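Please look through the structure shown here before reading my comments. I have kept them as numbered points.

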Amino acid sequence: MENIFIVGCGYIGSRVSRLERLEGSRVAAMVRSESSVDLLEQEGIKVFMGDLDDAASLNGLPLEKALVYYFAPPPSEGVVDLRMDRFLSSIDPSSLPGRVVLISTTGVYGNCGGDWVTEGRPAAPEADRAKRRLSAETILRSWGEANSIPVIMLRVPGIYGPGKLPEKRLREGLPVLREEDSPFSNRVHADDLARACVAAARRGEGGGIYNISDGHPTTMTNYFYKVADHLGLPRPPAISLDEARRQLSAGMLSYLAESKRLDNRKMREELGVEPLYPDLDSGLPSCLYK
C-alpha cells in the first residue's frame, strides 16, 4: 500500500485521489481553505492545513517515502515560484519523499508560431505566469537532483471537464478572434490528466518531462465555438486582431499571443496513456453532467 500526499487537492487533485484510492493507496493532502476539509475527509482523505505563503504552517507534513503530487499554483505575481521554494525548504532531510510529480504548463514553451512541439524544445516563456511555472520546474529539479529523488514534470495545456468550461464568458457574449487570426491551442480533459498523473508516478522517468494533451489541437476560436454549440449557446462574435487589442483583457491577449501544437507521443508511448477523450467532440458531451 503506497502513501500518497497531494499538495493542492482541488479539481485535479480530487480526481487523482480517487484513482489512487482505487489502487489501494492511502491518501493525505494539504489544503489552505477550511471549506475543502469536510469534503475531502468525506472522501477518505486525511487533510492537513497549510499555506504555501506561510513557511511555519508547513512543518510536520507526513512526506517520508511518500509519493507527492504537487498541484498548487505559483504566486499570482513575479517570475519566481516562492511557494515551491518554501515547500521544499520545509521538508526535513530525514523524512524525504520517495518521488514527486509536478503539474506545470505548456506555456513554458512560449510562442512557437503554430509548430508541433515536443519535450525536446527549449523552454522560452514569455508571460510572467509561464515564467513562474518554469521557476517551479527549475527549483524542484535542482532539489530532486541534490537529494536523489525522482521528479517527473507534466507540461499541461488548457484543462476542461465538468464544471470547467468557459460558460460564463459565452453567456456574456465576449468576442473571440476571427478564425483566420486565431492561434492554435491545446487541451486535455480533466479525467485524462488525472490518469496521466497516476501513470507518471508509476512509469515516468526521474527527471522526465511529458507533454499531456489530447493530441488534437484546434484554434482557440474553434474551441469556443464547439463549447457554445455543446451548451446550446450562441457562438460568440468574432473580431479582428486590432479590435481584440482594444477590447480583450491583458490576460486573454497573453494567451492569444502564443500558438503551438503539442506532440503527445511521449505520453502515449512511455506512460502508456491513450486519451479517453482524444478530441473535443468526444470530450465535451461528458462535461454536461456534473
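This is a predicted model: local features need pLDDT of at least 70, side-chain atom pairs count only at pLDDT 80 or more; totals for chains, interfaces and linings use all residues.

1. Residues are numbered from 1 along each chain as its sequence is written, and side-chain values use heavy atoms, with hydrogens and water left out.

2. Seven strands form an open sheet with parallel pairing, in the order β3-β2-β1-β4-β5-β7-β12. Because β3 (46-49) and β12 (209-211) each have a single partner strand, they stand at the edges, and one side of each is left without a neighbour in the sheet. Strands are DSSP runs of E with at least two residues, and helices are runs of H or I with at least four; two strands pair if DSSP finds at least two bridges between them.

3. Helix α3 (residues 82-89) lies across β1 (3-7), β4 (67-70) and β5 (99-105), whereas helix α4 (residues 128-147) lies across β5, β7 and β12.

4. D263 sits in the loop between β15 (261-262) and α10 (265-270). D263 counts as buried because its relative accessibility is 12%, and buried means under 20% relative accessible area (1.4 Å probe, protein chains only). Beyond its neighbours within four places in sequence, D263 is in contact (heavy atoms within 4.5 Å) with residues including W116, E119 and N211.

How values were computed: Axes are lines fitted to C-alpha atoms, for helices over the stretch in contact, and angles run from 0 to 180 degrees between N-to-C directions. Buried means under 20% relative accessible area, exposed over 50%, partly exposed in between (1.4 Å probe, protein chains only).
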